[in-house]
Amino acid sequence: MASSEPQLSPSTDETTNYARLCRLLVDVGSQVLRDTFDGIHPQTALQTVLTQPPHNATLHNLKTKKIINSSQWGDLFPAVPSSVSSHKFDITLLVVLLRNICGLAPPAAGWDALPPDLDNSKQANIARVKYYRNKVYGHANQASVDDAAFNRYWLAISNAITGLVGGKYAADMTNLKVGSMDPALEEHYKERLRQWKKDEDSFKEKLEEMDENMRKGLEKIEGDMGKGLEQIEKIKDDMGNIGEKLESLMNRTEEMADEDAETRAGSNVNNIDLQVYVNLPVPVVTAIPSSQGLLSRTGTYS
């Protein structure tokens, strides 16, 4: 009878090297990120941090953008609020929280680039863990790493871990480096690293989509503002034209008023002349009898 168990490839030094790096990143790396988060937001205050401004609004926005999925949301806001614990947060959620609600400014080169050696800040070491996670995952197709690359990656990752939490996990890292690993355990950690990378890529795509939407929104606002400024300038020009026309109209009105006043003044002079003429004494001629006939007598009407 054929077995239903999956057939595992035999281990080699190179495949074991890859599996050890996967385990270092998944087991120790995730715990270190959790310790870093707890150092910023202790368990005793976590419920308050998640449910109060400003972080609550940030988390709702991340959920709306589907950067936080439903399962992760349930871990952040369980049915019994007081039971919330970072121990239930997966490694992808821890990275999202560290980047968004922990007050950590992005490293100078960004979250996805390898920081300079002299930068030993929290955010720089978080970025290093992620950077070397990607470097290790670059070997996923072959699932093998030669000894030289293994030692180089191990040193860089362990230094980043020590930079975050000191020597807390030094003994664990030594055991992982030299301890035995059976093929089933190797496959388990390979799959967990694969899932972490997949979730991280999805998170990154959504962030890029958010950035693109914001860029388009800003461009639209700038375009609308440009159109608004053009309209304001046009209104100002129109108002200038209206002012000129009003000034011209007022000047014409004043000219017409002056002309009308002059006309009325001339009319008054004529009236005075007429009145003088009318009021001049009018000679009156009356006839009186005389011995030689009628004599004229001149008089006036006053």
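Ser82 sits in the loop between α4 (70–76) and α5, where helices are DSSP runs of H or I with at least four residues, numbered from the N terminus. This is a predicted model, in which local features need pLDDT of at least 70, side-chain atom pairs count only at pLDDT 80 or more, and totals for chains, interfaces and linings use all residues. Residues are numbered from 1 along each chain as its sequence is written, and side-chain values use heavy atoms, leaving out hydrogens and water.

**The loop residue**
- Ser82 is exposed, at 56% relative accessible area (exposed is over 50%, buried under 20%, partly exposed in between, with a 1.4 Å probe and protein chains only).
- Between the C-alpha atoms of Ser82 and Thr44 there are 9.4 Å, with 38 residues separating the two along the chain.

**How α1 meets α5**
- Helix α1 (residues 13–40) packs with helix α5 (residues 91–100) at about 35°, and their axes are 10 Å apart; axes are lines fitted to C-alpha atoms over the stretch in contact, and angles run from 0 to 180 degrees between N-to-C directions.
- On the α1 side, the contact (heavy atoms within 4.5 Å) includes Leu25, Leu33 and Phe37, while Ile91, Leu94 and Val95 are among the α5 residues.
- Nine residues of this contact are nonpolar, three are polar and one is charged.

**Cysteines**
- Cys22 is buried, with a relative accessible area of 0%.
- Cys102 also counts as buried, at 10%.
- Zero disulfides turn up in a search of the whole structure, a disulfide being a pair of cysteine sulfur atoms within 2.5 Å.

Notes. Helices (H or I, at least four residues) and strands (E, at least two) are DSSP runs, numbered from the N terminus. Ala, Val, Leu, Ile, Met, Phe, Trp, Tyr, Cys and Pro count as nonpolar, Asp, Glu, Lys and Arg as charged, and the others, Gly among them, as polar.
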